Amino acid sequence: MGRLTLFLFFAVAALTSAVASAGDVAIVVRADLPADNLSFSEVRKLFTGDRQFWSSNLRVTLLIRAPAARERDMVLKTIYQMTEAQFRQYWISKVFRQEAASGPKIVYSNEMTAELVFAIPGAVAFVDASQVPKGLKVLKIDGRLPGEKGYPLH
Amino acid sequence: MTIRRRLTLSFLAILALFSLNLAIYFWSNLRRQATVESLRRAISAQVLIASINQNVNDLNKQVSLLSQVATDAAGGAAPAGADPAELSVFNGQIDAVSSQISELSELAEGAARTKVESFAKTYLDLGRSWKLFYSNFGVNQSKAITELAIRAEPLSGKVLREFLPELQRDEKSRVDAASANFYKVARLTDRITILIFALSSVFATAVAYSVSRYLTRGLRRLKEGAEAIGSGNLDQRIALPAKDELGDLAQGFDAMAANLSAARAELTLAHEQEKRKSEELSLTLDQLRRTQDQLIVQQKLASLGALTAGIAHEIKNPLNFVTNFAEILVDMLGDLRQDLGRAAEGVSDLLADLEQNAAKIREHGKRADSIVLGMLMHSRGQSGARQTINLNLLLAEYVKLAYHGMRAQDASFNVTIEEDYDSSIGPISAIPHDLSRVFLNVANNAFYAVHQKKLRAGDAFSPTLSVRTRNLGRSAEIRIRDNGDGIPEEIRQKVFEAFFTTKPAGQGTGLGLSMSYDIVVQEHRGEIRIESEPGRFAEFIITLPKGAGFE
Ligand SMILES: Nc1ncnc2c1ncn2[C@@H]1O[C@H](COP(=O)(O)OP(=O)(O)OP(=O)(O)O)[C@@H](O)[C@H]1O
Ligand SMILES: [Mg+2]
């Protein structure tokens, strides 16, 4: 299986992250989310639907870009390690087996991602590290921010 | 209690038991139906919940996967909004679950219902949220997702992970309880039914047994009583204390027995009276016969009397001549002796003999005359003069006379005469002339009897005559007994009839005892009877009243 492929950020508003290395994908959450740093395995659990709650009351809502987005391809490769078809199959069976209450929500743009992350407490999404919307918190993975050396979503 | 009432009561009791059985049966049925109903409701609810669960799950899956599927279908682009038909199908699915929930709410009871109601409310919110999601899907994708993530998913989580499992648990326990209750009730009602049936059987058997026992007992006693009465024991009483038909019957029997007994007693009395009457009648008849016999005898005697009177009259004249001439002869012989003086001794002896013979002729002439006189008197029904006499002397004299008369006929004849006179008798009033004829005849008969026996038996036989008298106070008794052949029973009454004799023709007239009977019974108001044992003895017993002033 190939290593992580970097996707380009969908350029929108003014960049907050000054030192974002091009190609990294950031995991963004609402600023009030009680988490700053996750291990990579925790990230995987989060995105495979194995962890569905942040805390007892706060549900995890996955926001994933529709196919053909760079972020999606990157995440499929690095986190899911699945092809597009495997990914689809994975979620359908997960929902049907009732292992997950709901599947990931499909978003079609960075703006929509930002809007929904702001709107939904517990939402978690990917954006190009260079285009992280203002006001969102970027989670560290294994203590590293996007652009830092060893950041897995590269 | 009457049998009818007893039977009616038994019947009613059994009917009541029967009704109880029926009631228990219906009650059991109702109880079972109730439990079946609650079981049915519980099962329906369970099925309904399963269906609701399934439907909600389906909806949830549909909603969860919709955005993915729609995006895939759109080839990665944002999907178009749902068309109105799809929307209405989706909304219809949601509403169908709503109506299932309200159906469930109707099936639920008590605490379960409030639970269902809060579930319904939650589901209403969920449905609304889903509808909102769907109507915004493809139109305002962000709003749709936000709605889904913020409202629908927590609600559906709550519905699928809290409400429905809880309701399922509740309904399962309800079904378990209902089915347990169903079996419990079934067992209970079965037991009660069997118990009541057994009790009914026992009671019915007891009633049947007691009634039949009572009846057979009573009937047996009646039968025994009836048999006893039937076999003639009229004193038998059944005396059943029961105040019912059996008791009445027993009373009837007893009354019948009493009546029969009384009737029998009456009959016996009547029979005895009849018997006494017939005895009296036969006594009267006997008397009548005797009177008739006497009448016949008297009639015979009367005709004999007339005959005797004629004969006596004819004999009396010549007897007078004999007597008179014998007297004259005695006188003449006396004169002749005086005339002759004491000249010739031999003539004198001859004269003396002549004189003696003439005197004898005179004496016997006189006697014959007196006999004829007696015959005349007898025939005329007159009796001689009553005098005071010494019975013993008179008897002894005439017994001796008879003996000498017998000896005159057969000089070789000897009889031992035993005499036993009771001197305490004293004087009695009697007609000695007639009485002497009685003694003479009875003694003559006795001597004749022993003489006849002597002639036949020879030396082996010693003739004996026993003469006894006895003082009986008011009367005197004379017994003259010989050891001759006796008088057979069959002729014992006939001997007193006139002209009855067993002597050879020319020897007896058969008048002796007839005359004696008249003299003793009619003249002296005495009795004459015979005791005899044929071949051994004959005894004539004469009882004479002493007469007024001699007792
Ligand atoms: N002592 C006696 N023993 C047996 N028979 C007797 C005796 N006395 C009377 N009789 C019977 O009674 C009969 C009648 O007696 P009764 O004196 O009347 O008549 P008689 O003796 O036969 O005749 P009569 O007296 O005229 O000579 C007798 O013929 C005799 O058969
Ligand atoms: Mg005689």
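B:Asn441 and B:Asn445 sit four residues apart in helix H8 (residues 432-457) of chain B, which is about one turn of the helix. In this predicted model, those two residues are the protein donors of the magnesium ion (ligand 2).

**Magnesium site and helix H8 of chain B**
- B:Asn441 counts as buried, because its relative accessibility is 13%.
- B:Asn445 comes out at 21% relative accessibility, so it counts as partly exposed.
- Helix H8 also holds B:Arg437 and B:Asp434, three residues apart, again about one turn of the helix.
- The side chains of B:Arg437 and B:Asp434 meet in a salt bridge, at 3.3 Å from N to O.
- B:Asp434 is buried, with 4% relative accessibility.

**A salt bridge between the chains**
- A:Arg59 and B:Glu153 meet through their side chains in a salt bridge of 3.9 Å, N to O.
- This pair joins two chains, because A:Arg59 lies in the loop between helix H1 (40-47) and strand S3 (61-65) of chain A, while B:Glu153 lies in helix H4 of chain B.
- Both partners are tucked away: A:Arg59 counts as buried at 14% relative accessibility, and B:Glu153 is buried with a relative accessible area of 2%.

**Other salt bridges in chain B**
- B:Glu37 pairs with B:Arg40, with their closest N and O atoms 3.0 Å apart.
- These two are three residues apart in helix H1 (residues 3-73) of chain B, about one turn of the helix.
- B:Glu37 is partly exposed at 32% relative accessibility, and B:Arg40 is partly exposed too, with a relative accessible area of 44%.
- Elsewhere, a network of salt bridges links B:Arg468, B:Arg470, B:Glu477, B:Arg479, B:Arg481, B:Arg529, B:Glu531 and B:Glu539.

- B:Arg187 lies in helix H4 and counts as partly exposed, at 46% relative accessibility.

**Chain A at a glance**
- Chain A has four helices and seven strands.
- From the N terminus on, its elements run β-β-α-β-α-α-β-α-β-β-β.
- Of the 154 residues in chain A, 54% are buried.

How values were computed: Residues are numbered from 1 along each chain as its sequence is written. Chains are lettered from A and ligands numbered from 1 in the order in which they are written. This is a predicted model: local features need pLDDT of at least 70, side-chain atom pairs count only at pLDDT 80 or more; totals for chains, interfaces and linings use all residues. Side-chain values use heavy atoms; hydrogens and water are left out. Donors are N, O and S atoms within 2.8 Å of the metal (3.2 Å for Na, K and Ca); water is not among the atoms, so sites may look incomplete. Buried means under 20% relative accessible area, exposed over 50%, partly exposed in between (1.4 Å probe, protein chains only). A salt bridge is a side-chain nitrogen of Lys or Arg within 4 Å of a carboxyl oxygen of Asp or Glu.
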